[in-house]
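Reader: Before I set up any calculation, I would like to go through this model with you, one question at a time. Could we begin with a single residue and then turn to confidence and to the contact between the chains?

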Amino acid sequence: MCPAEPVVRVMVVDDHPIWREAVARDLEAAGLEVCGVASDAAQAVRVAKATRPEVVVLDLQLPDGSGVDVARSLAAFDEPPKVLVLSASGEQPDVLGAVGAGATGYLIKSASAAELVDAVRATARGEAVFTPGLAALLLGEYQRLSTGDAGGNPALTPRETEILRLVAKGFTYQQIADKLVLSLRTVQNHVQNTLTKLQLHNKAQLVRYAMEQGLDD
Amino acid sequence: MTAYRLLTLVYAAVLIAADHHQYRRPALGWALLAVMAAWTVVSTYGYAQLAGRERVLLVADVGIAVGMVLATLAVQTSARIDAGAPTLPVAWVAASVLACAVVAGPWGGGMAAVAVSAADVAERGALTPHTFNGVVLLLLAGGVGGYVVRLGVAAEDSVAEASTAMAAVGERERLAREIHDSTLQVLALIARRGREIGGETGDLAELAAAQETSLRALVSSAAPSANGASTDIRAVISAMASATVIVATPAAAVELSQVVGDALLSAVAEALANVERHAGADARAWVLVETDPDRVTVSIRDDGPGIPAGRLEAARAAGRLGVAQSIVGRIEAVGGTVSIDSRPNEGTEVEIHVPR
């Protein structure tokens with residue numbers, strides 16, 4: 001184990017036993033601690049409550065409901081774990097839902113073991129893990145919000161849009177930093193902001209919806 | 001319908017019971033009531049049994065109704081008829097008009113109404129205001145009733161059609177889910193493990209990955225949109241993804257007219273073919289689909305060696321417009337624009353805008 005890298009406690013949620021085991025094995029081989037696994041949504045919330053992982057690697061297609069609901073339940077914990085979505089492509093609306101509910105990263109299942117380990121470590125450090133697919137989903141969502149009739153929707157700054165488009169076109173953060181003559185940290189912050197704004201907006205909307213429905217207590 | 005016949009039969013019976021002592025031939029009145037009762041039973045069974053061949057029954061139905069109206073002449077005294085006494089079957093005859101309207105539509109209903117009305121007028125010997133009222137009501141029942149029934153049948157047909165289509169979509173979604181949950185997961189796993197092992201297994205992994213991509217595109221491709229004139233380009237563009245081509249699209253459908261959509265899709269395919277031809281086998285490409293209220297933008301970027309400075313201009317000047325130019329041609333033909341940006345060692349980016 002590399003002493004420079006802290007041990008990260010990870011939980012793996014996937015209904016496919018072979019996938020779950022393969023992912024858990026890859027993470028353990030890289031020196032991470034897999035503190036729990038779950039194969040459905042209800043189990044995921046239960047195990048997470050009991051084992052308190054730092055990072056949850058979450059598949060969105062679960063037999064008893066969507067991973068989006070799991071992400072939402074985990075976000076409601078007192079000390080919510082960070083959520084990295086590891087899902088098949090072609091589930092765009094669900095990915096957007098999970099990210100809106102608080103997930104901070106999205107990796108497609110075709111990613112290599114090394115990419116997965118890097119992504120889990122980055123998630124544990126609090127960095128957003130973006131694929132081009134996720135960047136395009138966010139661009140589309142902000143575009144949708146900007147054309148909606150309701151005011152007060154979050155919008156991207158021109159700089160954030162520029163950076164998000166570059167991420168969507170497959171540039172790495174370092175390449176973007178070089179291209180725009182910015183520090184790597186600044187690029188990361190901008191990307192992070194695009195995600196945080198949307199999550200805050202969704203949270204506010206949920207609260208507003210709850211108040212309108214008289215569900216608040 | 002049966003309920004109507006029965007109620008009006010009871011009404012006619014009550015009238016006959018009340019008036020029979022004033023009839024010219026009371027016995028005949030009772031006999032005709034028996035015929036009406038018999039026909040009520042026969043027609044009720046007949047219409048239920050003869051689905052599709054009810055026309056004979058309709059003619060008999062209208063014939064008996066007309067006969068009953070005219071038979072009033074034989075039963076009633078002419079003094080009472082002139083005084084405005086009702087016909088023997090009263091409203092019972094309207095049942096035959098309604099039956100025609102249901103089975104044969106507004107024209108059938110209308111014709112039956114005309115026949116029964118003619119009998120009414122003949123029985124009375126003149127078009128009195130009272131008879132005129134009856135005629136109008138019969139015509140309305142036949143014509144409008146037939147029209148409404150036709151509307152109802154058409155609505156029922158389209159509901160049936162829609163539910164068939166929905167069942168097909170549902171079945172397709174079920175299959176997609178099934179394939180997604182099983183086959184695709186295994187293919188993805190084989191691809192992932194195989195690449196790590198490398199060598200010949202790595203080749204197998206690429207095969208599995210290619211199958212995964214195309215199967216995924218197959219099950220996720222949207223059913224053709226209800227409006228045949230527009231198409232969601234995301235499905236086709238997503239199907240262009242491969243081990244070296246990464247496709248990123250928004251979550252919502254990207255609808256374009258068939259013509260613009262086709263031009264855009266062939267331009268994107270051509271741009272990707274160009275990447276494969278010129279940027280080398282291991283060059284990667286990223287396809288990004290973005291939407292604005294008034295246009296759709298697709299950019300295709302690769303990390304190949306790029307086009308040497310001046311080569312595009314030189315080709316253009318020499319009249320050899322090449323593949324790049326055919327992309328431009330296609331897109332400009334549908335009112336779009338193309339920009340090509342390339343620098344040595346920084347890859348090439350083709351950005352295509354088309355109007356929505």
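Author: Let us start with B:Thr231, a residue that lies in strand 1 (residues 230–232) of chain B; the model is a predicted one.

Reader: Is B:Thr231 buried or exposed?

Author: Setting aside neighbours within four places in sequence, B:Thr231 is in contact with B:Val254, B:Glu255, B:Leu256, B:Ser257, B:Gln258 and B:Gly261. Its relative accessible area is 18%, and since a residue counts as buried when that value is under 20%, B:Thr231 is therefore buried.

Reader: Which element of chain B has the lowest mean pLDDT?

Author: Chain B as a whole has a mean pLDDT of 83, with 92% of its residues at 70 or more. Over residues 223–227 of chain B, pLDDT stays under 50, and the model has two contacts beyond four places in sequence for that stretch. Among the elements of chain B, the highest mean, 95, belongs to strand 4 (residues 285–291), whereas the lowest, 65, belongs to helix 11 (residues 311–317).

Reader: And in chain A, which element has the highest confidence?

Author: Chain A averages a pLDDT of 88, and 94% of the residues score at least 70. Within chain A, confidence is lowest in strand 5 (residues 65–66), with a mean of 79, and highest, at 96, in strand 3 (residues 55–58).

Reader: What area is buried between chain B and chain A?

Author: The size of an interface is often expressed as the accessible area lost when the parts come together. Here the contact takes 32 residues from chain A and 28 residues from chain B. Carbon and sulfur atoms give 52% of the area buried between the two chains, which is about 2600 Å².

Reader: How many salt bridges does the rule find across the interface of chain B and chain A?

Author: One salt bridge joins the side chains of A:Lys169 and B:Glu349, with a distance of 2.6 Å from N to O. Across the interface of chain B and chain A, the number of salt bridges that the rule finds is six.

Reader: Which element of chain B gives the most to the side of chain B that touches chain A?

Author: Several elements of chain B each supply at least two residues of that side, among them helix 6 (129–181), helix 7 (183–197) and strand 7 (348–355). The residues of the side of chain B that touches chain A divide into 10 nonpolar, seven polar and 11 charged. With eight residues, the element of chain B that gives the most to this side is helix 7.

Definitions and conventions
Residues numbered from 1 in each chain as written. Chains lettered and ligands numbered in written order. Predicted model: local features only at pLDDT ≥ 70, side-chain atom pairs only at ≥ 80, totals over all residues. Heavy atoms only, no water. pLDDT = per-residue confidence, 0-100. Helix = DSSP H or I, 4+ residues; strand = E, 2+ residues; numbered from the N terminus. Contact = heavy atoms within 4.5 Å. Buried area = accessible area lost by both parts, 1.4 Å probe. Salt bridge = Lys/Arg side-chain N within 4 Å of Asp/Glu carboxyl O. Nonpolar A, V, L, I, M, F, W, Y, C, P; charged D, E, K, R; others polar. Buried < 20%, exposed > 50% of the residue type's maximum accessible area, 1.4 Å probe, protein only.
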